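Here is a briefing on one protein model. Look at the fold first, then read the points by topic.

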Amino acid sequence: MLKFIPTPIGNPQDITIRALREFEQASLFLCEDTRNTKKLLDILAQRFEFTIPNAQFLSFHEHNGKERLKEVASRLESENVVYVSDAGMPIISDPGQILVEYCQKEGIEYDILPGANALLVAYSASGFDSGKFLFWGFLPHKGSNRSSELSKVLNMQVDVILYESPHRIEKLISEIVDIDNTRELFLAKELTKKFQKYYKGTAREILDKFKTINLKGEWVVVIRAKENQDKVLYLEDILKLDIAPKVKAKILSKLTDKTTKEWYKELIG
């Protein structure tokens, strides 16, 4: 059976007892980076009641995942196999998705353990109270695709959560300032680690703070939803409009899969 095991996003004490027991029973580790996984296991063995298993460690990442799957596919049903990413919940923005898809297609049992997750920690800490959010992951690094996606994010009617690297975090906030400098943001840096920090304010206020702080570390950015200033007409509203059937049919056809002729026939029927 294949188990997907969350690993700490910073503090090793965030590992679960269940994860430790699964590690001990594994004969094969599929790792985003085998060096990082072995280092984590060494730390866990030093601090907790945990014995490092005599297991094989193989890399499994975005560049070799599909080829590696061909190599280990037969072992997923016959051995205790675990998959771990470098930090946090596997599969989300992570090549582990390849394994989930394969297991579903082939009818192979798999399980995903709960554990540390940066986006949920950051949103809980943000104080934003809508309770609705969209996880966007990383924006494209540059070019028109980045600008286009950021524009979509800033026009969302729900809070949006982004991940960003220390090399691009100042660029991201500067880009947000250029579009909407009063947008409220919450930023979390180095979650669960010794130098964890929270920053909350408008995009302009946070960009000003960046002049005096160390930007090194991984960042989670929570963007407050755009205020809904536009009125929206729903299908039911259009159907109730007192306008000519031909005009109404044209409008409805643009919003649905039905043709103008089909809508007109339905409206006058």
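Predicted model: local features only at pLDDT ≥ 70, side-chain atom pairs only at ≥ 80, totals over all residues.

Residues are numbered from 1 along each chain as its sequence is written, and side-chain values use heavy atoms, with hydrogens and water left out.

**Overall form**

- The protein holds 11 helices and 10 strands. These are DSSP runs numbered from the N terminus: helices are H or I with at least four residues, strands are E with at least two.
- Its radius of gyration is 24 Å, whereas a compact globule of 269 residues would have one near 18 Å. The radius is taken over C-alpha atoms, and the globule rule is 2.2 Å times the number of residues to the power 0.38.
- The C-alpha trace spans about 75 × 55 × 35 Å along its principal axes.
- Of the 269 residues, 41% are buried. Buried means under 20% relative accessible area, exposed over 50%, and partly exposed in between, with a 1.4 Å probe and protein chains only.
- Among contacts (heavy atoms within 4.5 Å) between residues at least 6 apart in sequence, 68% join residues at least 24 apart.

**Nonpolar cores**

- A nonpolar core is a set of buried Ala, Val, Leu, Ile, Met, Phe, Trp, Tyr and Cys residues joined through side-chain atoms within 4.5 Å.
- The largest has 22 residues; Ile-169, Leu-172, Ile-173, Ile-176, Leu-187 and Phe-210 touch the most other members.
- At least two residues each come from α6 (143-154), β7 (159-164), α7 (169-180), β8 (184-189), α8 (203-209) and β10 (219-223). The largest share, 5 residues, is from α7.
- Leu-172 touches Leu-139, Arg-146, Leu-150, Leu-162, Glu-164 and Val-221, leaving aside residues up to four places away in sequence.
- A second, separate core has 17 residues, including Leu-20, Leu-40, Ala-55 and Val-82.

**Positive phi**

- Ile-91 is not a glycine, yet its phi is positive, near 85 degrees. It sits in the loop between β4 (81-84) and α4 (96-106). Ile-91 counts as buried because its relative accessibility is 14%.
- Thr-192, also not a glycine, has a positive phi of about 70 degrees. Its loop runs between β8 and β9 (197-202). Thr-192 has a relative accessible area of 22%, so it is partly exposed.

**Pockets and cavity**

- On a 1 Å grid over the protein atoms alone, a cavity is a set of points where a 1.4 Å probe fits but cannot get out; a pocket is an open set with protein on both sides within 12 Å along at least five of seven lines; lining residues have an atom within 4 Å of a point. Grid points are joined across faces, edges and corners, and a volume is the space filled by probe spheres set on the points.
- The largest pocket holds about 740 Å³. Of its 27 lining residues, Ala-87, Gly-88, Phe-138, Tyr-163 and Glu-218 lie nearest the centre. β7, β8 and β10 each supply at least two lining residues.
- The second largest pocket has a volume of about 390 Å³. It is lined by 17 residues, with Pro-8, Asn-36, Leu-40, Ile-43 and Asp-86 closest to its centre. Helix α2 (residues 34-47) gives the most to this lining, 6 residues.
- The whole structure has 1 cavity of 30 Å³ or more. The largest cavity holds about 40 Å³, and its lining is Pro-6, Thr-7, Pro-8, Asp-14, Ile-15, Thr-16, Ala-19, Pro-114, Gly-115 and Ala-116.
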